[in-house]
Amino acid sequence: MTAKLLGLLLIAAGAGGSACLFLGQCRSQIRSLRSLRQMLELMQGELNTSALPLARLLETISPHLSGPALRFTALVREGMEELGRRSFAEIWAESLNACFPDLAPSELRELQDLGAVLGRYELSRQTEALSRCRQFLLHREEAASAALTGKRRLALGLAFTGTTMLGIILF
């Protein structure tokens, strides 16, 4: 009896831990989307007011960033030393993959498309691409935030239900 109870408690802890990890990943995705959106807003503002080169622009906005967006801008700036051997779009995409592993493929694709435009076309096209990407990220952030409550109920409900079913089977 005590072995079954101990086993059930371990299963309950594992199920609860899995639910917490899942919800942590959902929150991490929301934080990443918010961080990226704020970074793009700063980039667009700087491009509209001063039209700085990208390396200087990233250096200018870095003090206003935190978390993964700060790491991302640092990686892009480091990668820009290889600009003759690699394109900016490659450096941008590689930095995205390194700093934002929690983003969905559609979000990464949208951001990679932005990287193909930045520093390559006229200023108006760059700011338009930044604005479009910001709107996309805002929409995704709002959708993920709205879905979080339902995901929380689902994850915790599944963990509790699975543990209860195993408890019934064991006892």
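Predicted model: local features only at pLDDT ≥ 70, side-chain atom pairs only at ≥ 80, totals over all residues.
Which residues does Val76 touch, not counting residues up to four places away in sequence? Residues are numbered from 1 along each chain as its sequence is written, and side-chain values use heavy atoms, with hydrogens and water left out.

Val76, then, touches Leu58, Phe88, Ile91, Trp92 and Ser95, where contact means heavy atoms within 4.5 Å. Val76 is found in helix α3; helices here are DSSP runs of H or I with at least four residues, numbered from the N terminus. With a relative accessibility of 0%, Val76 counts as buried, and for that word the cut-offs are under 20% relative accessible area for buried, over 50% for exposed, and partly exposed in between, with a 1.4 Å probe and protein chains only. Between Val76 and Gln38, which lie 38 residues apart in sequence, the distance in space is 17 Å, C-alpha to C-alpha.

Let me turn to the helix pairs. Two packed helices are described by the angle between their axes and the distance between the axes. Here the axes are lines fitted to C-alpha atoms, for helices over the stretch in contact, and angles run from 0 to 180 degrees between N-to-C directions.

Helix α2, residues 54-61, and helix α3, residues 67-79, have axes that come within 10 Å and cross at roughly 150°, and α2 and α3 are therefore roughly antiparallel to each other. On this scale, angles under 35 degrees count as roughly parallel, over 145 as roughly antiparallel, 65 to 115 as roughly perpendicular, and the rest as oblique. The crossing of α2 and α3 is left-handed, a term used if the near helix is turned anticlockwise from the far one by less than a right angle, with right-handed used if it is turned clockwise. On the α2 side the contact is made by Ala55, Leu58, Glu59 and Ile61, and on the α3 side by Thr73, Val76 and Arg77. By class, those residues divide into 4 nonpolar, 1 polar and 2 charged, where Ala, Val, Leu, Ile, Met, Phe, Trp, Tyr, Cys and Pro count as nonpolar, Asp, Glu, Lys and Arg as charged, and the others, Gly among them, as polar.

Next come helix α4, residues 88-99, and helix α5, residues 105-117, which pack at an angle of about 150° with their axes 8 Å apart; α4 and α5 are therefore roughly antiparallel to each other. In this case the crossing is right-handed. From α4 the contact draws on Phe88, Ala89, Trp92, Ala93, Leu96 and Asn97, and from α5 on Leu108, Leu111, Gln112, Leu114, Gly115 and Ala116. That contact has 9 nonpolar, 3 polar and no charged residues. The buried residues of α4 are Phe88, Ile91, Trp92, Ala93, Ser95, Leu96 and Cys99, and what covers them includes α1, α2, α3 and α5.

That brings me to α1. Why does the span of this helix agree with expectation? At 1.5 Å a residue, the 49 residues of α1, residues 2-50, should span 72 Å, and its end C-alpha atoms are 70 Å apart, which agrees; the expected span is 1.5 Å times one less than the number of residues. The helix is followed by Ala51, whose phi is positive, near 50°.

The axes of α1 and α3 come within 8 Å and cross at roughly 55°, which makes α1 oblique to α3. Here Ser32, Ser35 and Met39 in α1 meet Pro68, Ala69, Phe72 and Thr73 in α3, a contact with 4 nonpolar, 3 polar and no charged residues.

Met43 is in helix α1, and counts as buried at 0% relative accessibility; leaving aside neighbours within four places in sequence, Met43 is in contact with Leu54, Leu57, Leu58, Ile61, Trp92, Leu118 and Leu130. Leu42, also placed in α1, is partly exposed, with a relative accessible area of 29%, and touches Ile61, His64 and Leu65, again not counting residues up to four places away.

Key. Helix = DSSP H or I, 4+ residues; strand = E, 2+ residues; numbered from the N terminus.
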